[in-house]
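This text walks through selected local features of the structure shown below.

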Amino acid sequence: MALKDPEVAELKKFFPNLSRIEVGENEMVLISPLILPQGCNPRTVDALLCPFTRDGYTSRLFLSVKVDHTGPGKNWNADGVIIAGRKWWAVSWKTNRDDLTLREMLLTHLDAFK
Amino acid sequence: MKTLVKIPRRLFEHAKEDLSRPHAFACERVGFFSTRRSVTDSGTLVHCIAYHAVADEHYVEDDSVGARIGSRAITDAMTRAMTDSVGQLHVHRHGGRGLPRPSFTDDDELSPLARSFVNANRSEASGWMILGDNDAYTRLTMPPHSEVVVACPVTIVGAPVIVNRRNTQPGLSGFIGKLIGKRRAAGNRRYARQSFLGSDSESIIANAVVGIVGLGGGGSHIVQQLAHLGFKRFILCDHDRISNSNLNRLVGATCADVRAKRLKADIASRTILKLHRDAHINAPGHKWEDMIDDLLTCDVVVGCVDTFATRRDVEAFCRQHMIPYVDVGMDVHSMATGQFEIDGQVILSLPGEPCMHCMGFLNEIVLSQEAAKYGAAGDNPQVVWSNGLLCSAAVGIVVDLLTDWSKTLRGPRYLALQGRALTLQPDKRIAALSGHDCKHYPLTQIGDPLFTAL
Amino acid sequence: MAAKAKTPAEAKTGPGNIPGNKKVKIQINKVHYDVDEGETSVVALRALANIPEIDVLAKKERGTFVDLANDATVAVHNGDKFASHKPATVLITINGEEFETTPGANTVAQLRSLGHVPADEILSQFVSGQFVDLANDATVNIKGGEIFASHRPTGGSS
């Protein structure tokens with residue numbers, strides 16, 4: 001599924017450094033850099049937002065580094081997986097909704113680190 | 001590795017067919033391959049990902065050459081280079097076996113022409129190519145410094161795989177080198193019983209690079225059989241150490257290995273070295289994710305991994321870099337009657353052909369079920385004889401892929417094991433996928449990932 | 001479906017805006033914005049204020065505006081002032097290399113000379129998704145960012 005232009009525009013207002021990558025018939029969004037909430041170490045990472053269903057999650061946020069943080073997302077069940085030629089890490093964090101815009105999706109995933 | 005060109009077989013055959021069509025006034029035809037690269041520390045793979053015919057009206061009449069294309073064909077190629085972020089290879093056909101050679105016209109005209117494509121996109125490899133029956137001559141201009149690479153190795157990736165290595169040993173090139181190789185082989189009786197695999201099979205097998213991901217119950221069988229067959233170049237990926245519960249199936253392992261907590265990679269290496277002291281083995285005891293650059297040098301990768309997610313990721317990697325992938329696995333489950341059944345699969349996944357998602361073997365249901373069980377997976381039942389059945393079939397596929405001995409392997413394979421009946425049969429879905437275009441891994445996404453700014 | 005109404009804070013909140021982070025007030029072209037304190041990219045500030053691609057963003061430091069490179073990051077503090085201006089020259093690409101030229105009418109001969117295009121090659125411009133050949137006596141209106149590439153007129157093989 002292709003990214004929706006209005007959602008991309010909305011996301012870009014707050015996170016301007018966006019790229020997309022095609023993965024089969026779907027697209028993921030690279031946010032480089034993404035500044036994580038306070039309490040994360042490191043705070044500046046690259047992030048790959050997967051807005052389609054993958055491994056039972058309606059969406060996922062992959063980070064370029066396994067960050068230390070004080071948020072509730074503790075289960076790093078994507079541990080150095082290869083996507084688009086790079087290693088990524090992700091915590092288990094369900095958004096429980098499939099109607100979120102890209103920005104809402106990203107902010108919901110960031111709740112795992114607050 | 002330096003520079004290697006890869007062409008999917010389907011694309012190669014399509015190009016040859018198009019270039020063989022007659023033209024109203026040109027003696028030969030011209031087309032273009034679009035290219036993308038995979039760059040590693042040891043070199044660059046240049047993938048041909050699409051073929052574009054030149055329209056009849058874009059030729060210029062000129063009796064002094066075989067074919068001449070005009071400005072429109074050239075600007076169309078430049079436009080593709082720019083808009084699709086690809087390189088462009090001007091391609092025409094000379095036919096015949098072996099490595100084609102350029103004519104004087106080709107040398108004079110095509111290199112200056114190739115600069116036009118570089119002018120449009122300097123980030124990908126451009127140049128020109130001459131197709132033979134099963135090989136291709138190439139002259140490439142490589143980014144980032146426009147280095148010119150001539151006659152690099154070309155692999156036609158499909159069933160069968162044709163790996164055209166370029167012999168770099170002085171005094172042993174071409175026909176003479178092959179003749180000496182054959183005479184050496186004739187004196188070596190070790191492989192006399194497998195001569196039916198083809199007169200070149202011993203050299204093909206000895207020079208093939210095979211990656212094996214997972215060196216447990218499945219991978220250990222694969223390593224052992226490949227070594228016996230004469231394979232000598234291995235990339236072995238597994239970071240695990242052997243434990244007591246592996247001894248029921250890890251071929252080549254001993255009690256001493258368990259006491260020593262030996263790496264499975266070391267056990268596999270030992271198996272190979274017992275047969276080939278001159279083997280080239282890259283087995284540092286790392287996960288496959290940490291051996292990406294090494295796996296890019298493989299002619300084929302065999303996956304003997306535990307999870308659907310890992311299978312998905314390894315296949316995705318192999319598809320992205322145009323490497324044939326053979327997947328092997330088994331599972332034991334209880335039936336409604338309370339009895340047990342062994343299921344297993346051997347799947348050959350080829351670039352441009354149906355993938356494990358297309359075949360229905362991988363799907364979101366099994367991946368999400370597996371993810372939901374994370375942390376509570378427990379020990380999956382495994383036995384040596386079903387591993388052996390499946391892995392033997394996988395080895396047979398690898399050998400056929402490289403030697404084409406059977407002349408019957410012409411596309412993907414999906415063999416399903418029914419353990420109680422001890423049968424290994426083609427899954428019914430594979431026949432229904434004939435001619436199917438894979439949407440999960442389109443050829444246009446091959447090469448290093450391309451991020452486009454939003 | 002009606003768009004959700006924005007609060008004043010949302011209307012002019014800045015890049016990487018994560019609820020809960022400390023905000024500071026800055027000015028870009030005399031318009032006030034709330035952004036996260038700390039390092040931010042010039043790209044982000046440009047996007048926030050919708051600055052045209054060819055314009056240059058500058059930051060006021062010790063009473064003087066200093067131009068900022070597009071790929072730079074800048075420390076943002078409360079009260080910082082930024083402003084954009086038109087460049088004296090613009091960048092165009094010829095055969096994959098960037099060149100500076102004055103915006104406005106440029107003859108093809110000038111562009112060929114600028115890009116060292118061989119005399120026996122045709123200069124073409126990438127327009128509306130296609131390379132289009134330019135006549136040697138033509139003129140091109142340059143705004144900045146245009147892409148040109150040269151090519152052989154024909155190609156023979158045997």
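Over all chains of this predicted model, a search of the whole structure finds 0 disulfides. Cys50(A) is one cysteine in no disulfide, and the nearest cysteine sulfur to it, that of Cys355(B), lies 16 Å away. Cys50(A) is buried, its relative accessible area being 0%. Cys358(B) is likewise in no disulfide, with the sulfur of Cys355(B) as the nearest cysteine sulfur at 3.6 Å.

Strand β11 (residues 122–127) of chain C runs antiparallel to strand β14 (residues 147–151) of chain C, and 4 bridges join them. Within this pairing, Gln125(C) stands opposite Phe148(C) in β14(C). β11(C) is also joined by 4 bridges to strand β12 (residues 130–133) of chain C, again in an antiparallel arrangement. Here Val127(C) has Gln130(C) in β12(C) as its bridge partner.

The hairpin of β11(C) and β12(C) has 2 residues between the strands, and Ser128(C) in this hairpin takes a positive phi near 50°. Ser128(C) is not a glycine, and its place is the loop between β11 and β12 of chain C. With a relative accessible area of 77%, Ser128(C) is exposed.

Ala84(A) also has a positive phi, near 50°, in a residue other than glycine. This residue is in the loop between β5 (78–83) and β6 of chain A. Ala84(A) counts as buried, at 15% relative accessibility. Strand β6 (residues 86–90) of chain A contains Lys87(A), which counts as partly exposed at 27% relative accessibility. The C-alpha atom of Lys87(A) is separated by 9.2 Å from that of Phe62(A), and the two residues are 25 residues apart along the chain.

Where do cis peptide bonds occur? One is the bond from Ser32(A) to Pro33(A), with omega near 0°. Pro33(A) belongs to strand β2 (residues 26–35) of chain A. Another joins Ala159(B) and Pro160(B), with omega about 0°. Pro160(B) is in the loop between β9 (154–157) and β10 (162–164) of chain B.

A side-chain contact links chains B and C. Ser71(B), in helix α2 (residues 71–83) of chain B, makes a polar contact of 2.5 Å with Asp133(C) through their side chains. Ser71(B) counts as buried, with 18% relative accessibility.

How many cavities of 30 Å³ or more does a search of the whole structure find? The search finds 1, and about 40 Å³ of space lies in the largest cavity. Its lining consists of Leu215(B), Ser220(B), Leu250(B), Val251(B), Lys264(B), Ile267(B), Ala268(B) and Thr271(B). By class, the lining residues are 5 nonpolar, 2 polar and 1 charged. Helix α8 (residues 264–273) of chain B gives the most to this lining, with 4 residues.

Methods
Residues are numbered from 1 along each chain as its sequence is written. Chains are lettered from A and ligands numbered from 1 in the order in which they are written. This is a predicted model: local features need pLDDT of at least 70, side-chain atom pairs count only at pLDDT 80 or more; totals for chains, interfaces and linings use all residues. Side-chain values use heavy atoms; hydrogens and water are left out. On a 1 Å grid over the protein atoms alone, a cavity is a set of points where a 1.4 Å probe fits but cannot get out, and a pocket is an open set with protein on both sides within 12 Å along at least five of seven lines; lining residues have an atom within 4 Å of a point. Grid points are joined across faces, edges and corners, and a volume is the space filled by probe spheres set on the points. Ala, Val, Leu, Ile, Met, Phe, Trp, Tyr, Cys and Pro count as nonpolar, Asp, Glu, Lys and Arg as charged, and the others, Gly among them, as polar. Two strands pair if DSSP finds at least two bridges between them. A disulfide is a pair of cysteine sulfur atoms within 2.5 Å. Buried means under 20% relative accessible area, exposed over 50%, partly exposed in between (1.4 Å probe, protein chains only). A polar contact is a pair of N or O atoms within 3.5 Å; within protein, one must be able to donate a hydrogen and the other to accept it, and residues adjacent in sequence count only if both atoms are side-chain atoms.
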